[in-house]
Amino acid sequence: MSRETEKQRWQRNFADLLQELRVAQTGVQILFAFLLTLPFSNGFTRTTPFQKDVYIVALLSAAAATAMIISPVAFHRALFRQGRKPELVRFAHHMATGGLAVMLISMVSAVLLITDFVLSRPLAVVLSAATALWFLTFWLILPFGRRNWGEDDIDDEDDDPAVLPGD
């Protein structure tokens, strides 16, 4: 079995990251579109000042997540054919991580907004906290807990752009 060159590894890492970003991008864009239309619905006039504040947090964090998750494309356009794939992969990794963090804020805020609108505030807070814990479990706790499993696995060795040489 032939080993890939460093250039091939950077290329593979970038391709893997783009695939991940496609999934996240679709989710955040759907949430952002929903939030953009919400104030124009009939029921929005019945929202409380607290709900409007939560809405603004959800909307702005969805906008921030959208910008961060799409930014590797713009960065790639700016660096196209300049031989700077390592820099691009590191940037894309940081933007994807930050975009997911801000997307978490937007999603939990959206859940808080909707549950506070239809349920009591204490129940809405509990459900929103449970939602945050659910996302953190699958987006942070399990993945980072898995990082030390099977350290002998050669296949996983080069998959994390955050630990590539020169970082």
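At 7% relative accessibility, Asp 116 counts as buried. Buried here means under 20% relative accessible area, exposed means over 50%, and partly exposed lies in between (1.4 Å probe, protein chains only). This is a predicted model, in which local features need pLDDT of at least 70, side-chain atom pairs count only at pLDDT 80 or more, and totals for chains, interfaces and linings use all residues. Residues are numbered from 1 along each chain as its sequence is written, and side-chain values use heavy atoms, with hydrogens and water left out.

## The salt bridge and its surroundings

Asp 116 forms a salt bridge with Arg 121. The closest N and O atoms are 2.7 Å apart. The term requires a side-chain nitrogen of Lys or Arg within 4 Å of a carboxyl oxygen of Asp or Glu. A search of the whole structure finds one such bridge. Arg 121 is partly exposed, at 38% relative accessibility.

Thr 48 touches both Asp 116 and Arg 121, not counting residues up to four places away in sequence. Contact means heavy atoms within 4.5 Å. Thr 48 sits in the loop between H1 and H2. Its relative accessibility is 30%, so Thr 48 counts as partly exposed. Thr 48 and Phe 117 are 69 residues apart in sequence, yet their C-alpha atoms are 8.4 Å apart in space.

## The overall fold

The protein chain has four helices and zero strands. Along the sequence the pattern reads α-α-α-α. Helices (H or I, at least four residues) and strands (E, at least two) are DSSP runs, numbered from the N terminus. Of the 167 residues in the chain, 34% are buried. Among contacts with a separation of 6 or more, 72% join residues 24 or more positions apart.

How far apart are the end C-alpha atoms of H1? They are 46 Å apart. H1 covers residues 6-37, and its 32 residues should span 46 Å at 1.5 Å a residue, so the two values agree. The expected span is 1.5 Å times one less than the number of residues. H2 has 31 residues and reaches 45 Å from its first C-alpha to its last, close to the 45 Å expected.

The buried residues of H1 include Trp 10, Phe 14, Leu 21 and Val 28. Arg 9 and Asn 13 are also among them. The buried residues of H1 pack against H2 (49-79) and H3 (85-118).

H2 bends by about 40 degrees at Ser 71. The bend is the angle between axes fitted to the seven residues ending there and the seven starting there. A proline, Pro 72, follows within four residues. Just after H2, Arg 81 takes a positive phi of about 60 degrees.

## Inside helix H3

Ser 106 lies in H3. Its relative accessible area is 0%, so Ser 106 is buried. Leaving aside neighbours within four places in sequence, Ser 106 is in contact with Leu 31, Leu 35, Ala 58, Ser 61 and Ala 62.

Ala 101 is also found in H3. Ala 101 is partly exposed, with a relative accessible area of 41%. The C-alpha atoms of Ala 101 and Ser 61 are separated by 9.4 Å, although the two lie 40 residues apart along the chain.

## Two nonpolar cores

A nonpolar core is a set of buried Ala, Val, Leu, Ile, Met, Phe, Trp, Tyr and Cys residues joined through side-chain atoms within 4.5 Å. The largest has 13 residues. Leu 35, Leu 38, Tyr 55 and Leu 113 touch the most other members. H1, H2 and H3 each supply at least two residues of this core. H2 gives the most, with five residues. A second, separate core of ten residues includes Leu 17, Ile 69, Ala 92 and Val 102.

Beyond four places in sequence, Tyr 55 touches Leu 35, Leu 36, Leu 38, Pro 39, Phe 44 and Leu 113.

## An aromatic pair in H4

Phe 135 and Trp 139 both lie in H4 (residues 121-146), four residues apart, about one turn of the helix. Rings of Phe, Tyr and Trp (its six-membered ring) pair if their centres lie within 6.5 Å; planes under 30 degrees apart count as stacked, over 60 as edge-to-face and the rest as tilted. By this rule there are four aromatic pairs. Phe 135 and Trp 139 form one that is edge-to-face, 4.9 Å centre to centre with 75 degrees between the planes.

The table gives the accessibility of each partner.

| Residue | Relative accessibility | Class |
|---|---|---|
| Phe 135 | 18% | buried |
| Trp 139 | 32% | partly exposed |
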